Amino acid sequence: MGFDYNFDRDTKHVTMPETGKRRRWVFAAVFTVILVGLVICFRPSSESAAPATGEGQASEPEGGVSQPGIVPDVPVPTEADGFSAEQTARYREAEGLIGSGGAVKAAGMLAAMLKEFTPYSAGWEKTARLLTRANIKIMMDKLPCPRNIEYTVKAGDTLNSITRKNNNMCNSLLLAVNGIDNKNQLHPGQHLTIYNVKAWSLEISRSHQTLSVFADGELFAVYPVGVSSDVVSGEAYYKSREELSVGEDHRDYNGTRKMGLSNNVAIHGTWVSGDVRSPFRDGGIRMKNSDIEELYLYLPMLRTTKVKIID
């Protein structure tokens, strides 16, 4: 639409054709501005719109399944945990490295930090929990490190024969790490990444209600657990494993996974919400479903997988 401005020296105003249309355009513009302002003023805030999961509590995915390598539920260090400002800075640096491809460096930093804390103290546990996430990231993302080695599939190889030749690596871990859905997808010449651990072992502290995983004697992961009041100290080995029903009509009391020990104690998941460390009595050791699924993925079921229950 063109405007024909007509200036008349003898008048003090400017005449504009089509003033009716112009007024409608101005009215529409003003109305739009008012409407946008109302939307901004009355929209719900991000805090009120978010579902409530409890203060400081990460919501667990439906079915209790989490994806290994993600960093859920990693506690934030505070002065009350015995962290100095310098230690907090290193913790934060390691946390950032895990999310940006530097998990190998982060694991080294955190392993060194652990030596600065008393075992099982709050500072030690928070550092160990972040180390867990770093090690899982290294394993699942096949990051370059001495433990991640390459194996080329040979004629006649099967999933079982490959894992037996590589320190009995857990079958489920080999498939998951290499993105293989079916063992029949293996073929000669295929390059696989093997997470090379000669011996896994567990240590479960009854008093601290903590399960520690060791890879060739080095701390690999730490999980909070609930230890039943009738579980006694002693040594055992990993004897059986079982995936349990997660259907809506039936949820097994033992959660999504159950790992039997030779002393008739079972490590199992739970559908009970809240702190797994709360008192209970069933003769077992319980974990969050997401934690036991992670442990079940990589821990091989062997008599050599030693389990020590300590006070």
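Arg257 sits over the face of Tyr296, with 5.2 Å to the ring centre. Arg241 lies over the face of Tyr296 too, at 3.8 Å from the ring centre. Keep in mind that this is a predicted model.

**Aromatic pairs**

- How many aromatic pairs are there? The count comes to seven.
- Take Phe83 and Phe117: their ring centres are 5.0 Å apart and their planes meet at 45°, so this pair is tilted. To be called edge-to-face, planes have to be over 60 degrees apart, and to be called stacked, under 30.
- Both partners come from loops: Phe83 from the one between α2 (46-49) and α3 (85-98), Phe117 from the one between α4 (103-114) and α5 (122-140), so the pair ties together parts that are 34 residues apart in sequence.
- Phe220 belongs to strand β5 (residues 218-224) and Tyr298 to helix α8 (residues 289-298), so here a strand and a helix are tied together by residues 78 apart in sequence.
- Phe220 is buried, at 2% relative accessibility, and Tyr298 is buried too, with a relative accessible area of 1%.
- Phe220 and Tyr298 also belong to a cluster, linked by ring pairs, that includes Tyr195 and Trp200.

**Positive phi in two asparagines**

- Asn168 isn't a glycine, yet its phi is positive, near 55°. You'll find Asn168 in the loop between α6 (159-165) and α7 (171-177).
- Asn168 counts as partly exposed, at 33% relative accessibility.
- Asn264 also has a positive phi, about 70°, and is not a glycine either. Asn264 lies in the loop between β8 (257-261) and β9 (266-268).
- Where does Asn264 stand on accessibility, buried or exposed? Asn264 is exposed, with a relative accessible area of 72%.

**Helix α4**

- The buried residues in α4 are Ala103, Ala106, Ala107, Met109, Leu110, Met113 and Leu114.
- Look down the axis of α4 and the buried residues fall within an arc of 165°, so they line one face of the helix.
- As background, an α-helix has 3.6 residues a turn, so residues three or four places apart point the same way.
- What do the buried residues of α4 pack against? They pack against α3, α5 and β5.

**Strand β7 and its partners**

- β7 (residues 234-243) and β11 (residues 306-310) run antiparallel and are joined by four bridges. Glu235 has Lys308 in β11 as its bridge partner.
- β7 and β8 run antiparallel as well, joined by five bridges. Across from Tyr238 stands Leu261 in β8.

How values were computed: Residues are numbered from 1 along each chain as its sequence is written. This is a predicted model: local features need pLDDT of at least 70, side-chain atom pairs count only at pLDDT 80 or more; totals for chains, interfaces and linings use all residues. Side-chain values use heavy atoms; hydrogens and water are left out. Rings of Phe, Tyr and Trp (its six-membered ring) pair if their centres lie within 6.5 Å; planes under 30 degrees apart count as stacked, over 60 as edge-to-face and the rest as tilted. Buried means under 20% relative accessible area, exposed over 50%, partly exposed in between (1.4 Å probe, protein chains only). A charge sits over a ring if NZ of Lys or CZ of Arg is within 6 Å of the ring centre and within 35 degrees of the ring normal. The arc is that of the directions from the helix axis to the C-beta atoms. Contact means heavy atoms within 4.5 Å. Two strands pair if DSSP finds at least two bridges between them.
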